[in-house]
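Here's a quick briefing to read with the structure open beside you. Have a look at the model first, then work through the notes by topic.

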Amino acid sequence: MGAMNTLRQNTGVILWILVISFGVIWTLQDSDVFSAMNRTSRNIATVNGNAIQQQEYQQTLEQLRTRFQQQLGGDLNPQMQERLREQAYNRVINQKLREQEMDRLGISVTDAEVEEMVFGENPHPLIRQQFADSTGQINYQLIQNLAQDPQRKQQWLQIEQYLRRQRRQQKMNSLVQSTIQVSEEDIRDYYRRENSSASAQYVSLRYAQVPDDSISVTESDLRSYYQNNREDFKRQKTLTLEYATTTKEATAEDSTAIAGDLSELRSGFRTTENDSLFLVNNASDTDFSSEYQTPDQMNERVADSIYAEPEPGRIVGPVFGGGRAHLLKIRDARPSDTEYAHAGHILLKTDQQNPEMMGRLQAIRDTIESGTASFAAMARQYSDDQSASQGGDLGWFAQGSMVDAFNDAVFDAEPGSLIGPIRSEFGYHLIRLEARASQAVQIADLSYNLSPSQSTLADQESTLGDLAYYAEESGNFREEAERLTLSVQQVQVETGQSAIPGIGQSPALSRFMETASVGDISEVVEMNDKFVVAHVTNVTPEGYRSFSEVKSQIRPQVALQKKREIVVQRMERALAQNDFESLPEALGTSIRSQSDLSFSPGPIPGLGREPKFVGTIFGLDEGETSGVVEGQNAAFVVQVTEMNTPPPLTAQKRQEIRQTLLKQRRKQITADWIAALKEDATIKDNRSALPQ
């Protein structure tokens with residue numbers, strides 16, 4: 001009561017304070033102070049001092065999202081969203097650069113040009129789309145009505161502005177692309193590259209054949225290579241990051257909730273007469289199928305649950321498997337073509353009889369049968385097979401799919417039995433038979449992906465948000481991560497690197513690194529499968545790696561260079577003394593052949609991917625032999641045995657190629673032009689200051 005009385009007694013004072021406060025706010029608002037304060041946050045970027053509004057960026061982003069979903073369907077994952085945001089940003093930047101360049105060059109569009117786009121002999125496609133009747137004729141009266149109607153005039157002005165922008169852009173493109181030419185020689189060369197083929201035989205020696213002990217790599221060799229190839233060791237600004245992640249996996253609570261949802265549908269699923277419609281109505285993540293399946297075609301846990309009692313009409317589950325929760329109805333069952341088994345084994349590998357090994361496996365069996373240890377635990381500890389990590393589990397398999405000794409032992413035994421030790425070509429096996437089945441079943445699978453709830457995702461993101469906040473306060477990222485039971489990884493990454501080891505591709509983190517300094521902490525970044533927050537512990541400026549840093553990296557290159565010299569000299573001496581047919585005997589190798597070679601072949605036997613091989617062949621005439629060519633992995637001599645030239649160019653094909661080349665070159669020159677504008681521009685990226 002005392003507090004209420006105090007408020008009542010001071011009501012007048014409080015009202016005056018409120019009046020004065022609102023007056024100050026109104027004054028500031030009228031003076032545009034708030035607008036000035038928020039102006040930076042409303043701008044996505046500035047280009048040469050000109051702002052790009054966030055609204056323009058958001059409209060572009062929404063267009064990209066809509067187009068993407070129309071083409072591919074489905075939801076956009078976080079990394080897709082991030083890529084689209086990057087594309088939208090680049091688009092609005094590029095458009096601003098174009099507009100500024102058009103202003104600089106004085107490119108404009110007259111009213112007469114706009115009128116021609118509407119009323120001329122070849123109206124703009126937008127006019128045809130919006131104002132053509134069912135016969136394809138443009139209704140010019142409708143256009144006049146729209147332009148003169150005061151209530152709809154704004155719509156016409158928007159159309160007019162769009163046409164004006166289109167025409168202006170067209171003029172700019174024509175100016176940029178005016179230097180593009182496609183000559184007759186360009187067309188002939190393109191046609192020849194696309195349609196020529198050749199056959200050849202060749203002799204090669206790989207550099208790796210030279211023994212390591214036949215060459216000597218000195219410190220002087222290494223330093224000389226470093227100096228001659230210093231540009232290869234140039235590095236961008238390099239950051240050392242320590243980072244923490246939280247997964248986006250479903251928690252036990254999420255799984256329990258999903259299982260609960262499925263359990264509530266059991267009775268309805270049992271009684272429904274239309275299983276397909278039931279799956280659709282209940283948003284199943286598995287489509288209905290009338291196909292009959294065998295256990296080896298199913299998720300292992302699903303198959304175990306179904307084949308425990310494969311009776312038509314039985315409802316199975318919820319069962320967790322394959323990243324989903326399943327509620328299953330067995331619709332029908334029929335005999336399968338073969339029998340199936342689910343088994344596990346403990347394998348001690350050997351390629352010969354070994355009584356001692358068999359005795360070890362018998363001792364393992366005794367331990368399992370005594371109840372001292374489980375089969376799975378002994379498999380993890382002793383098995384030499386890859387299945388050891390799964391407790392020896394081999395899943396379901398068909399009769400005849402295993403080696404004979406193993407197959408016979410499994411399909412002669414009863415489920416639940418321990419078999420062996422038996423010997424196969426792989427070694428000694430101790431086998432546990434889990435189940436057998438001889439039916440194919442038709443099932444309806446009502447399943448939900450085990451995806452995390454929004455609450456779980458918010459908690460995972462919040463945990464990293466707490467880490468960023470407290471690490472900023474304390475200055476100790478690693479210590480705060482440990483307090484939150486988060487593990488910390490470390491990685492070195494160059495700015496401009498497309499993917500960060502251990503994290504993946506993230507434009508948001510790449511932008512953070514471009515301007516980050518030691519001690520900076522990123523915002524929480526959402527990936528497809530995790531959340532990430534990173535802390536910069538070291539920054540190495542752009543420059544060259546030191547000799548000591550790259551010495552070990554250089555050594556194999558210098559060794560390869562020396563081996564290359566040895567091989568090339570040997571082949572040149574042999575070729576000087578022998579013709580092509582005698583060359584293999586002189587070198588202790590053989591002739592290889594390759595037919596139907598094009599300008600873009602796959603790997604060449606004995607050479608690998610070798611661009612010089614193709615270039616050499618198509619630079620020779622039929623029957624001609626090359627000199628010794630230094631390839632990437634081997635030196636070789638090639639002789640062309642057949643050269644297939646394409647038929648003469650037709651006028652139609654010539655025109656098709658011309659259009660293809662024009663399209664390619666227009667795209668390339670436009671990209672180069674935009675890149676040049678960007679290089680000369682001052683661009684300020686404000687995205688980090690905007691809400692996501």
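**A buried asparagine**

Not counting residues up to four places away in sequence, Asn407 touches Ala398, Gln399, Gly400, Ser401 and Met402. Bear in mind that this is a predicted model. Asn407 belongs to helix α18, which spans residues 404–411.

- Is Asn407 buried or exposed? Its relative accessibility is 8%, so Asn407 counts as buried, given that the cut-off for buried is under 20%.

**The four-stranded sheet**

- Next up is an open sheet of 4 strands, in the order β16-β3-β18-β17, and the pairing is antiparallel.
- The edges belong to β16 (592–597) and β17 (629–630); each has a single partner strand, so one side of each has no neighbour in the sheet.
- Strand β3, residues 197–206, pairs with strand β18, residues 634–644, in the antiparallel sense over 10 bridges.
- β3 also pairs with β16, again in the antiparallel sense, and here the count is 4 bridges.
- β3 is mostly covered, with 9 of its 10 residues buried.

**Who faces whom along β3**

- Tyr202 is a handy landmark: opposite it in β18 stands Val638, while opposite it in β16 stands Arg592.
- Ser197 has Asn644 as its bridge partner in β18.
- As background for looking at side chains here, in a regular strand they alternate between the two faces of the sheet.

**The helix across the sheet**

- Which strands does helix α22 lie across? Helix α22, residues 547–577, lies across β3, β17 and β18.
- Relative to β18, helix α22 runs at about 50°.
- α22 turns up again with another helix: it is among the elements that cover the buried residues of α11.

**The two sides of α11**

- Helix α11 covers residues 219–228, and its buried residues are Leu222, Tyr225 and Tyr226.
- Why do these count as being on the same side of α11? They cover an arc of only 100° around the axis, and that puts them on the same side.
- The general rule behind this kind of pattern is that an α-helix has 3.6 residues a turn, so residues three or four places apart point the same way.

Terms used
Residues numbered from 1 in each chain as written. Predicted model: local features only at pLDDT ≥ 70, side-chain atom pairs only at ≥ 80, totals over all residues. Heavy atoms only, no water. Pairing = 2+ DSSP bridges. Contact = heavy atoms within 4.5 Å. Axes fitted to C-alpha atoms, helices over the stretch in contact; angles between N-to-C directions. Buried < 20%, exposed > 50% of the residue type's maximum accessible area, 1.4 Å probe, protein only. Arc of directions from axis to C-beta.
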